[in-house]
Amino acid sequence: MDIQKYIKVEKVPGGQLEDSVVRKGVMINKDVIAPGKMRRKIFNPRIILLHWPLKYKKGENQTNAELLKEEDWGVLLQLEEEYIESLCVQILKFKPDVVITEKGLSDLACHYFSNAGVTAMRRLRKTDNNRIAKAYGAVIVNRPHELQQFDVGTGAGIFEVKKIGDEFFAFFVDCKEPKACTVLFRGPSKDL
């Protein structure tokens, strides 16, 4: 078995050695973006994984925009909002419960997702995203307009965010056919 792809070892200081467990599923060191507005426990979640930023893309090579009137600034902001809204609408068509992106996620996209009852996470490591994809049948999509129904992962039993020690961890556990696991070591210090 390829340990790098399917098994993750997580060391969390605090607690006792007896608190160490092997979880059948994926555990990542992330919290939801808006803890007060987004759910932290979801049964049978529909998961969408993205390798695309859900924010307005900045121009490359020092792009400049010359604004002659004050109204032009409003038009520029409106274009940015419409772009983010179109990305979110394309994603929300598939009725996800959890959206995870390896890149950034703007406050506006967070607003659209929280209003739709969708939990979102951003800046996930590529290895963690791959592990979630393999474990739950999701496909990492490069652009939201390429998203198809079969790209949505439905293999997880429970998505849950818990505080362990001083940090929040997201768990994708109780899957139908577990293809990944997480070894969680606890102890008084990281060295132990």
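I counted a salt bridge wherever a side-chain nitrogen of Lys or Arg lies within 4 Å of a carboxyl oxygen of Asp or Glu. The model is predicted, so I kept to its cut-offs: local features need pLDDT of at least 70, side-chain atom pairs count only at pLDDT 80 or more, and totals for chains, interfaces and linings use all residues. Residues are numbered from 1 along each chain as its sequence is written, and side-chain values use heavy atoms, with hydrogens and water left out.

**Entry 1: the total.** I found 9 salt bridges in the structure.

**Entry 2: K41 and E160.** These two side chains form a salt bridge, at 3.7 Å from N to O. K41 sits in strand 4 (residues 41–43) and E160 in strand 9 (residues 158–164), so the pair ties together parts 119 residues apart in sequence. I took helices (H or I, at least four residues) and strands (E, at least two) as DSSP runs, numbered from the N terminus.

I then checked burial, where buried means under 20% relative accessible area, exposed over 50%, and partly exposed in between (1.4 Å probe, protein chains only). K41 is partly exposed at 45%, while E160 is buried at 17%.

**Entry 3: E102 and K126.** I looked up this salt bridge next, and its N to O distance is 3.7 Å. E102 is in the loop between strand 6 (98–101) and helix 3 (107–115), and K126 is in helix 4 (residues 126–136), 24 residues apart. E102 is buried at 11% relative accessible area; K126 is partly exposed at 41%.

**Entry 4: K8 and E10.** Their closest N and O atoms are 3.3 Å apart, in a salt bridge, and both residues are buried. I also saw that K8 and E10 belong to a salt-bridge network with R125, D128 and R131.
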